[in-house]
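Please look over the sequence and the fold shown below before reading on. The report that follows takes up a pair of helices and then a pocket.

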Amino acid sequence: MLEWFAIDMIKQAGELIRRKIDENYEVERKTGKGDLVTEIDRAVEQLIVRRIQSRFPDHHIIGEEGMAPQPDDLSGTVWFVDPIDGTLNFIHQKRMFAISVAIMIDGVIEYGFVYDVMADELFVARRGRGATLNGRTLVPIQEHHVRDAFLSMNATWVTPNHQIAPEILAPIVRDSIGTRAHGAASLELAWLAAGRVDGYITMRNMPWDYAAGKLLVEEVGGRVVSLYGEKVRYEGKTSVLAGSETFVKDVVKHYVIAKGATPEVRPDLQIEKNTNYDNVRDLLILANPNEAMVREQYAVGETFEALLGGELVGVYMLVERERGKMELVNIAVKPERQNQTIGQRMLQDAIRRAETTGASELIVCTGNSSVMQLRFYQQAGFRFESVERDYFPNHGYEPIEEDGLALRDRICLSRSL
Ligand code: IPD
Ligand code: CA
Ligand code: CA
C-alpha cells in the first residue's frame with residue numbers, strides 16, 4: 001500500500017517536472033555556483049510533502065529543500081526526499097536527474113525509489129524483496145575489482161579539496177577501466193544496482209541523496225559504506241563508497257587504508273585511559289599472546305582503549321622504554337572492526353599522547369612478516385631502527401606465517417616527536 005502510494009506520488013511529481021522543464025523558472029544559488037536550487041525543486045518537494053502529510057499525518061519528512069518541519073530524531077516513519085537529485089543536470093542538460101525517495105521505518109530503510117524523470121525509468125527496492133526497474137527484477141550485482149570496474153565518481157574529489165587527499169582517489173581513477181561523473185548520486189546508485197556501472201564513490205552526500213539508492217544496491221547484493229568502510233548513518237553528510245563486496249573491500253584496503261587516508265571526523269570514536277585490565281585483556285592478547293609479558297607492561301605503562309559508540313574496538317599501550325623514549329606496544333583492533341581506520345586513529349592518538357609526556361622519540365616493534373603493519377608505521381612517519389634476528393622463536397612464540405612469510409625477526413621503528 002505504502003509502495004503504491006509512493007509510486008503514484010513520484011510519477012505525479014515527474015509529470016510536473018516534465019511539464020515545467022522547458023518553461024522559464026527562477027534559479028538561486030545555495031552555497032556556491034555549483035549548488036543551485038530552482039523554483040521547480042521547491043514545487044516538487046511541496047507536492048510530495050503535501051501528499052504525504054495529508055495521507056500520513058504522523059509520518060516525518062526530511063527533504064532537501066526543507067519544506068516540512070525537520071524531525072528531532074529518526075524514530076517512527078521517516079521519508080527522505082530529494083525532489084530533484086542532479087539539479088545541475090536538470091538545468092543544463094535537461095536529463096539525467098531523478099526524484100529520490102526512501103522510507104525509513106523505526107530506523108531501517110524499508111523502501112527506496114529512484115525515478116529518472118526524462119528516461120521514465122523507475123527503480124524500486126523493497127527491503128528483503130529485491131529491486132526492480134520498471135517492474136523487471138534486477139539481477140545480482142557482479143563482483144569487480146577496481147582494475148576491472150567501470151566507475152561513477154564525482155570528479156571534484158580528484159582535485160585539491162578539503163575532504164580527502166586527491167592522491168587517494170586518483171589511483172582509483174587510473175586503475176579502473178573508465179570513470180564517469182554523472183552528477184546525480186541517487187541515479188548513479190540505481191545504475192550500479194542495474195549493472196550499468198560497477199562502483200560509485202563520492203565524498204559528500206546527504207541522506208536524501210543516497211538512502212533510496214543504497215537500498216537498491218543492497219537488494220542486488222552490493223554494499224554501500226563510507227569511503228573508510230564504515231556504516232553510513234542517516235544523519236548529516238558522509239562519503240559514500242558503493243559496489244560489489246569485492247570492489248568495496250578492494251577500495252578500502254588497497255587505496256584508502258593502505259594510503260593512510262585521514263578519516264572523516266567521527267566524534268563517536270573515543271580513546272580513553274583504561275582502568276580495568278579484564279576489559280581489554282582479550283584484545284591485548286590478540287596483539288601479544290604472551291600474557292605474562294602483557295601483564296608486566298600493563299603494570300608499568302599506560303593503556304588506552306578505543307570505544308566506538310560505547311563498543312570497545314581497540315586498545316594500545318604506551319610504556320617508557322628509557323628516558324625520553326616511549327614505546328607503543330600491544331596495539332590491536334577487534335577483528336570485525338579492522339580495515340575501518342581505527343588503527344590509524346589510535347596510532348595518531350598514541351603519537352599525540354607520547355608527545356605530551358615530553359618524550360622525544362616513539363618506538364614501535366613488530367615482526368618481519370607483518371607487512372601491513374610495516375607499511376602502516378612508515379606511513380605515519382616511523383623509520384627502521386633495528387632488527388633482532390630470531391627474536392620470536394627465541395622468546396617462545398608459536399611459529400606462525402603471515403602473507404607467506406614465517407614470523408622470525410623483530411623489527412623496531414622509531415619516530416621523533
Ligand atoms: C547532488 C548530486 C551530485 C552529488 C552531490 C549532491 P543535488 O544533489 O547528487 O551528484 O555529488 O553530493 O548534492 O544538489 O543536485 O540534489
Ligand atoms: Ca541531491
Ligand atoms: Ca536536490
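In which hand, left-handed or right-handed, does α8 pass α9? In this predicted model, the crossing in which α8 passes α9 is right-handed. The axes of helix α8, residues 277-287, and helix α9, residues 291-300, come within 11 Å of each other and cross at roughly 130°. Angles over 145 degrees count as roughly antiparallel and those from 65 to 115 as roughly perpendicular, and α8 and α9 are therefore oblique to each other.

On the side of α8, the residues in this contact are Tyr 277, Val 280, Arg 281, Leu 284 and Ile 285, and they meet Glu 291, Val 294, Arg 295 and Tyr 298 in α9. By class, the contact of α8 with α9 has six nonpolar, no polar and three charged residues.

The report now turns to the largest pocket, in which about 1400 Å³ of space lies. It is lined by 46 residues, of which Ala 287, Ile 331, Thr 366, Ser 370 and Gln 373 are the closest to its centre. Elements that each supply at least two residues of this lining include α8 and α9, along with α7 (245-257), β18 (325-333), α10 (342-356), β19 (361-367), α11 (371-379) and α12 (391-394). The largest share of the lining, seven residues, comes from β18. The classes of the lining residues are set out in the table.

| Class in the lining of the largest pocket | Number of residues |
|---|---|
| Nonpolar | 23 residues |
| Polar | 15 residues |

Definitions and conventions:
Residues are numbered from 1 along each chain as its sequence is written. Chains are lettered from A and ligands numbered from 1 in the order in which they are written. This is a predicted model: local features need pLDDT of at least 70, side-chain atom pairs count only at pLDDT 80 or more; totals for chains, interfaces and linings use all residues. Side-chain values use heavy atoms; hydrogens and water are left out. Axes are lines fitted to C-alpha atoms, for helices over the stretch in contact, and angles run from 0 to 180 degrees between N-to-C directions. Helices (H or I, at least four residues) and strands (E, at least two) are DSSP runs, numbered from the N terminus. Angles under 35 degrees count as roughly parallel, over 145 as roughly antiparallel, 65 to 115 as roughly perpendicular and the rest as oblique. A crossing is left-handed if the near helix is turned anticlockwise from the far one by less than a right angle, and right-handed if clockwise. Contact means heavy atoms within 4.5 Å. Ala, Val, Leu, Ile, Met, Phe, Trp, Tyr, Cys and Pro count as nonpolar, Asp, Glu, Lys and Arg as charged, and the others, Gly among them, as polar. On a 1 Å grid over the protein atoms alone, a cavity is a set of points where a 1.4 Å probe fits but cannot get out, and a pocket is an open set with protein on both sides within 12 Å along at least five of seven lines; lining residues have an atom within 4 Å of a point. Grid points are joined across faces, edges and corners, and a volume is the space filled by probe spheres set on the points.
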